[in-house]
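Subject: Structure handover

Hi,

Here is the structure we talked about. Please open it next to this email. My notes follow below.

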Amino acid sequence: MASRKAKHLVIVESPTKAQTLGRVLGEDYAVEATSGHVVDLPKKGLAVDVENGFKPEYVTVRGKGTVIASLKKQARTVDDVLIATDPDREGEAIGFHIAQKLGYETDDGERFRRVRFNEFTREAVMKALENPGQIDMLQVDAQQARRILDRLVGYGLSPLLWKKISPVDPVSRRPLSAGRVQSVAVRILVERERERRRFRSGSWWDLLATLGSDGGEFPARLTKLAGKPVATGRDFSPDTGMPADEQAVAQLDEPGARELVARLDDETFVVSNIASKDFSQKPYAPFRTSTLQQEANNKLNLSARDTMRVAQRLYEAGHITYMRTDSVRLSSQAIGAARARIEEKYGTEFLSPTPRNYGKQAKGAQEAHEAIRPAGNQMRTAQELSLSGREAALYELIWKRMMATQMADARRRTVQATIQAADAEFQASGKTTVFPGFLRAYVEGSDDPEAALDDREVFLPLLAEGDELERIVLEAEGHETRPPARYNEASLVKALEAEGIGRPSTYAPTIATIQERGYVDRNGKQLVPTFLAFAVTRLLEEHFEDLVDPGFTSRMESDLDRIADGDVQWQVFLEDFYRGPDGFETRLEEQGQKIDPRKASTLGDFDDLDGEVRIGRYGPFLELAEDGEPLRVTLPEGLAPADLSPDKARELIEAKEKADQPLGVDPETGLAVRLLVGRYGPFVQLGEQEEDGPKPKRASLPKGVGPEDVDLDVALGLLSLPRLLGEHPEKGGEVKAGIGRYGPYVVHEGDFRSLQPEDDVLTVELDRAVELLAQPKAGRKRSAPKVLRELGAHPEDGEPMQILDGRYGPYVKHGKTNASLPKDMAPEQLDVAGAVELIAARVARGGGDRKGSGNRRGRAKKG
């Protein structure tokens, strides 16, 4: 904390922001950071008094007690306290809660003032300081209503999922949970996966000609035959794989296409028509949060969460305007600065004739801020700011998009030639850029405008009606329709925004949450809903349809906006939702009694299979009856729901029947030994799995060993692992061989070595193990944790305190005590006082003597 004397205390939520602001302000201002929220709803329990006006039961965030105490002390020595948190609802709530802790509600309204600015330029900051206001309690109410609404939904639905589907996600082993916005996002992904599963591929053929004239060669494709349009992909129904109107199109198959090639072999190809058209293309609006996330995902391969992290750093460093915005409005200062830079860099001809500004584009947009743009009035480039890495890449994206907004329209020209050969009509198209305009700076979806412009050029030679063309090549080509593409992060954000679901601050956390909760897997950039997502979505659709209805969720967002506008009182809004006609509280009780757990854990989207797809304790499985006995087939890890076709199900059943076989009886225990197939592949098992009983002993097959290689002796050998090889001849102590996470190994008193490909874990002997153990350890040896910051001496014992980069995230180390940093705290945000509090809390939980125990985030949360 600052120690200098000052007249004004300025409070922000980020240390980086504090440093930037401190450079702008003089010695009269002490700038301090809260490092995020100082109070929040507790992790456990509803913590909302539904009987007393939905009063939230906030608690002080762990590690923030000393922050509050220090700010209280400073607040007593200054003339006024300026709340300068982010200019959105979340920032307003953070500011209100810290002001509350400092005595805001007993103040006469003069000492506590609210200052807001969208960028960290001296001009913007000083203008805000000259015109301070009050904390906007309507914005605070809207944020609080959202927080409580989400808590009511989550804490109402989550226990229902535990009881009716599964207590935990079978993969992550985390408790199942449902969220208001997250559930709608998951349903959107599930609906697309359902479409893919219903999809039936259609096929068609056409002809591609390579033709020539004096000006060169060019391609032309068959478009009509005997006056009928030739079928293309858009003519096919995704549900049948056939043209929606078979009489309206000519559908060629392979024999027909090849026959047509032969028939046209001696025909003359003649130009029958030439049509050209000039058109203009206007630049895109400047970035708002959603479009920035989309373009950063498409161009830079950044996730929505990473995009916002990088943008936050750029904003707090004073390089861009506030990055959580649904506005595309630009200030006159920004427009003037961009136009001056365009004239300097590209020339006057590339300027738009008049300055451009942009209106509301997103459904439900509040237009509270400006668009995302470079800060200040210089429009400096990433190179001029000495940026590098992701910061430079994202800033350059923002800079180019801003420049494009004030540049001239691009002028393009298309030329289309129609070519006749007997009763077959071909078309050839060309496209050229007459004037690039804004495309000189920015092409959506491309990070290299010059290359993108070249790629957009498709030249046709100069042609005239009646020209006879040389047929160079004529070939038949086959095509198949494709299922609708799965969503990626960019397209999901676009879909959420189009439906009015969520707000700029919610897109990134929503996408991150649905992945962390086991509802979505990643396949490259694709977001693939899991079988668990299908089960949860179906339960909500059948019993709480409004909660997964995009229209209802969008209306809820609008109601929260109305609270912020003062049109709705926040307690009335929550009362209506929770206890109004058909209120959530009543429906929870009624629907909870109606839901049958077996039906809830059975997926109804797979009725075309021989059996049922269900969610079990260890993951999704296919269940069917065979010879009157139930047969369960575990669905393999990574299998997408849309790919579970009847053919795939039969393949899995056959593999199960082939591999699921008794190998014999263990002579020592008398238990049956079986070869089974699970979601991670084949394994051997000793004994049977009893309902709700402990898991029998199991062993996976080593790499290179297939089910056909396993007999009773091999199985017993695997089940006996790790096996004792003997005593180390030099050092004493047992030497063992086994199979672990990284494959077969030998071990002596915690010292591991991997077996080589020529070694067999079941037959390796002591001499060979000793030889391997004598070799230097290689591979996955972990280096010492990297020191991120030296905090200085602990005030009580003088021992040094450091922030280290641990396997599970940053943590503070003091002697043998390690304590994780809170998830929302960056290493540079922690000061000595905060570190002392974290260490004390860790020791109070019994972590003082466990070396290295505190660097794991999950452990640090346990109390």
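First, a definition: rings of Phe, Tyr and Trp (its six-membered ring) pair if their centres lie within 6.5 Å. Planes under 30 degrees apart count as stacked, over 60 as edge-to-face and the rest as tilted. Please keep in mind that this is a predicted model.

Aromatic cluster
By that rule, ring pairs link Phe54, Phe544, Phe577, Tyr578 and Phe584 into a cluster.

Aromatic pairs
Searching the whole structure gives 17 aromatic pairs. One of them joins Phe287 and Tyr442: the ring centres are 6.4 Å apart and the planes stand at 80 degrees, so this pair is edge-to-face. Phe287 sits in the loop between β12 (269-281) and α8 (289-300). Tyr442 sits in the loop between β14 (424-435) and α12 (449-456). The pair therefore ties together parts that are 155 residues apart in sequence. Both Phe287 and Tyr442 are buried.

Now back to two members of the cluster, Phe577 and Phe584. Their ring centres are 5.3 Å apart, with planes at 20 degrees, so the pair is stacked. Phe577 is buried, and Phe584 is buried too.

Charge on the surface
Which residues gather in a patch of positive charge on the surface? They are Lys72, Lys73, Arg76 and Lys101. Lys72 belongs to helix α2 (residues 65-75). Its relative accessible area is 36%, so Lys72 is partly exposed.

Best wishes

Technical notes. Residues numbered from 1 in each chain as written. Predicted model: local features only at pLDDT ≥ 70, side-chain atom pairs only at ≥ 80, totals over all residues. Heavy atoms only, no water. Patch = residues over 30% accessible without salt bridge, like charges linked within 9 Å, V, L, I, M, F, W, Y side chains within 5 Å. Areas by Shrake-Rupley, 256 points an atom, 1.4 Å probe, with all protein chains shown as cover. Salt bridge = Lys/Arg side-chain N within 4 Å of Asp/Glu carboxyl O. Lys, Arg positive; Asp, Glu negative; His and termini not counted. Charge placed at Lys NZ, Arg CZ, Asp CG, Glu CD. Helix = DSSP H or I, 4+ residues; strand = E, 2+ residues; numbered from the N terminus. Buried < 20%, exposed > 50% of the residue type's maximum accessible area, 1.4 Å probe, protein only.
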